Protein chains: 2
Amino acid sequence: MTEKRPLLQQLIEALRCLPGVGSKSAQRMAFQVLQHNRDGARELAEVLLESVEKIGQCCQCRNLTEDDVCSICINPRRDNSSLCVVESPADVIALEEATGYQGHYFVLHGRLSPLDGVGPDDLGLEKLNAAFVAGQLQELILATNSTVEGEATAFYIQSLAQKHNIRVSRIAHGVPLGGELEYIDQGTLAHAFGSRLLVDE
Amino acid sequence: MTEKRPLLQQLIEALRCLPGVGSKSAQRMAFQVLQHNRDGARELAEVLLESVEKIGQCCQCRNLTEDDVCSICINPRRDNSSLCVVESPADVIALEEATGYQGHYFVLHGRLSPLDGVGPDDLGLEKLNAAFVAGQLQELILATNSTVEGEATAFYIQSLAQKHNIRVSRIAHGVPLGGELEYIDQGTLAHAFGSRLLVDE
């Protein structure tokens, strides 16, 4: 048996599994919850244990959920004919909060990246293709990130979808609202300039 | 029974009990541990539960520990004749890491603050006074923070100790090592100037 480390030390080290938490923050968190918020800490521990046990992927859209089918997929009011492809569950939350989109989602949990050994199988593309084959889909919205790999992934999925005569769109890239031209990076500006849209008279 | 919120939502909210964690960080933490570090999250939950149950105050120095007497108080090699008074357990760690101090500590868990209703009883000063009465103590080091309340607390404890003819010292305040005079706040600089020490020839 190894020598027992103090529990406080173990707690500080365990807190470092959270992203963005270094040794000083972990120490501060440990003292804060032990001195002022034991109830909150107990609840966090219980919810964390339950989440780790129960949360898995939705069998339809691969979003994170504790049910077999997530709340979006199971909602009969959502539009079956529209599907939005995103890289991560955080993107689903961001789109739900920012847009009034009423269709469905598909979460890739990554992006195509041959160098890292991430291929179509890892992103659940056979499941996505099955949705294309099913024939209900009329529009596919590609909302992968605008990185090299995100673009490559979007292009790959686009070619899959077009075999089934599904209309494919890509979210717009350009100057952010409220952005000032002089502070925008060159790549974005060049893209925004090249993709300018005709203004209706 | 209230409507059941999604577990993921509960997890994100529970993570906000940690200091410095807002809704975006909590979301990032939740996704990160669920997608990439379930083992770490499980361990964190278990250690957190155990810590909340078991960690209390050392019966001698009031530092946080899962034992009755903390590892510093129980260590026979530490010097019984010296006691350092600090405001919080984090201060003990900071002093242990930075100095070679071999005496004991006493943790106030706060500072005298009549406006907030914090009096001598809340800081365990009767326990501290018992240590003065016991008679082993030769030096008392006051390491409370150099705030108005920290100074007032130090002064109060100093007067308690001096009744028992214990030598009392206060950690030095002044310009931090490596600090440049032009960037030091006026209060610190005035104090450092006023408390200048004679240089031996």
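This is a short tour of the interface of chain B and chain A, then of a sheet in chain B, in a predicted model.

Start by displaying chain A and chain B together. In chain B, 46 residues are in contact with 45 residues of chain A. The two chains bury about 4700 Å² between them, and 73% of that area lies on carbon and sulfur atoms. Now select Leu7(B), Leu44(B) and Val52(B): within chain B these lose the most area to chain A, together 14% of what that side buries.

Next, look for charged pairs. Two salt bridges are found across the interface of chain B and chain A. To see a salt bridge, select Glu53(B) and Arg42(A), whose closest N and O atoms are 3.3 Å apart. Between chain B and chain A, ten residue pairs are in polar contact.

Colour the helices of chain B. The largest share, 15 residues, comes from α3(B). By type, the residues of this side of chain B are 26 nonpolar, ten polar and ten charged.

Now move to the sheet. In chain B, four strands form an open, parallel sheet in the order β4-β3-β5-β6. Its edge strands are β4 (103-107) and β6 (167-170). Neighbouring strands are turned by 25° against each other on average, direction ignored. Select β3 (residues 79-86) of chain B: five bridges join this strand to β4(B). Cys84(B) has Tyr105(B) in β4(B) as its bridge partner.

Finish with helix α7 (residues 148-162) of chain B. This helix lies across β3, β5 (139-142) and β6 of chain B, and runs at about 165° to β6(B).

Definitions and conventions
Residues are numbered from 1 along each chain as its sequence is written. Chains are lettered from A and ligands numbered from 1 in the order in which they are written. This is a predicted model: local features need pLDDT of at least 70, side-chain atom pairs count only at pLDDT 80 or more; totals for chains, interfaces and linings use all residues. Side-chain values use heavy atoms; hydrogens and water are left out. Contact means heavy atoms within 4.5 Å. Buried area is the accessible area (1.4 Å probe) that two parts lose on being put together, summed over both. A salt bridge is a side-chain nitrogen of Lys or Arg within 4 Å of a carboxyl oxygen of Asp or Glu. A polar contact is a pair of N or O atoms within 3.5 Å; within protein, one must be able to donate a hydrogen and the other to accept it, and residues adjacent in sequence count only if both atoms are side-chain atoms. Helices (H or I, at least four residues) and strands (E, at least two) are DSSP runs, numbered from the N terminus. Ala, Val, Leu, Ile, Met, Phe, Trp, Tyr, Cys and Pro count as nonpolar, Asp, Glu, Lys and Arg as charged, and the others, Gly among them, as polar. Two strands pair if DSSP finds at least two bridges between them. Axes are lines fitted to C-alpha atoms, for helices over the stretch in contact, and angles run from 0 to 180 degrees between N-to-C directions.
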